Every structure is written in C-alpha cells, then in structure tokens.
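Biologist: Before we use these labels, I would like to hear the criteria behind them. Let us take them in turn.

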Amino acid sequence: MRLITFALVALLALVHAELWFGKGGVGRVVGLQAQLREQQAKNEVAQTRNDRLSAEVRDLKEGLEMVEEKARAELGMLKTDEIYVQYAPRR
C-alpha cells in the first residue's frame with residue numbers, strides 16, 4: 001500500500017513539474033499572453049490607419065472635392081477665376 005501511495009505522489013509531482021516548468025508551462029503561457037496583447041495593440045493601430053486610408057481612397061474615387069482640397073492645401077493651386085488673399089494679423 002505504501003508503494004502505491006509513493007508512486008501516486010511521485011506521478012503527481014511529475015505532472016506538477018511539467019505544468020510549471022515544462023514546454024507549455026505557466027511561464028511560457030504568461031509570456032505568450034504578453035506577446036498577444038502587444039500584437040493586438042499593433043493590429044489596432046494598423047486597423048485605424050487602414051480605415052483612414054480606405055476612407056481617403058473612397059473619397060478620391062467618389063468625388064472631386066477631396067482632389068480639389070488636396071490640390072489647394074498641398075500644392076497651393078487656385079481656380080482660374082479666384083484671387084488669392086493672404087491675411088496676416090498685426091503683432
């Protein structure tokens with residue numbers, strides 16, 4: 001009877017050792033969870049950027065307002081019948 005009890009305790013200790021220190025142990029699981037959270041944060045940032053770019057592409061495809069706005073803001077372009085007026089506040 002004593003031998004069976006010792007064998008069962010030894011098996012239990014072996015199972016616990018594998019759980020804590022083995023290939024799929026607690027330490028590895030905690031490390032993988034940290035990597036997962038980090039990757040999810042990166043994915044969220046990338047998804048936000050993709051959504052913004054998709055909206056810009058959709059605007060460019062659907063209408064000329066976005067093209068006109070970009071031409072005015074980035075290139076300083078004007079229509080032929082417009083007059084450019086620059087306002088400078090007094091100091």
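Biologist: What makes K70 and E56 a salt bridge?

Modeller: The term requires a side-chain nitrogen of Lys or Arg within 4 Å of a carboxyl oxygen of Asp or Glu. The N to O distance for K70 and E56 is 3.3 Å, so the pair qualifies. K70 lies in helix 3 and E56 in helix 2, so the contact ties together parts that are 14 residues apart in sequence. This is a predicted model, where local features need pLDDT of at least 70 and side-chain atom pairs count only at pLDDT 80 or more, while totals for chains, interfaces and linings use all residues. Residues are numbered from 1 along each chain as its sequence is written, and side-chain values use heavy atoms, leaving out hydrogens and water.

Biologist: Which residue forms a salt bridge with E74?

Modeller: K70, with the closest N and O atoms 3.2 Å apart. Salt bridges that share partners join E56, K70 and E74 into one network.

Biologist: Why is E74 called exposed, and why does K70 count as partly exposed?

Modeller: Buried means under 20% relative accessible area, exposed over 50%, and partly exposed in between (1.4 Å probe, protein chains only). E74 has 57%, so E74 is exposed; K70 has 26% and is therefore partly exposed.

Biologist: How do you know that the length of helix 1 agrees with its number of residues?

Modeller: The expected span is 1.5 Å times one less than the number of residues. For the 20 residues of helix 1 (residues 2-21) that gives 28 Å, and the end C-alpha atoms are 28 Å apart, so the two agree. Helices here are DSSP runs (H or I, at least four residues), numbered from the N terminus.

Key:
Helices (H or I, at least four residues) and strands (E, at least two) are DSSP runs, numbered from the N terminus.
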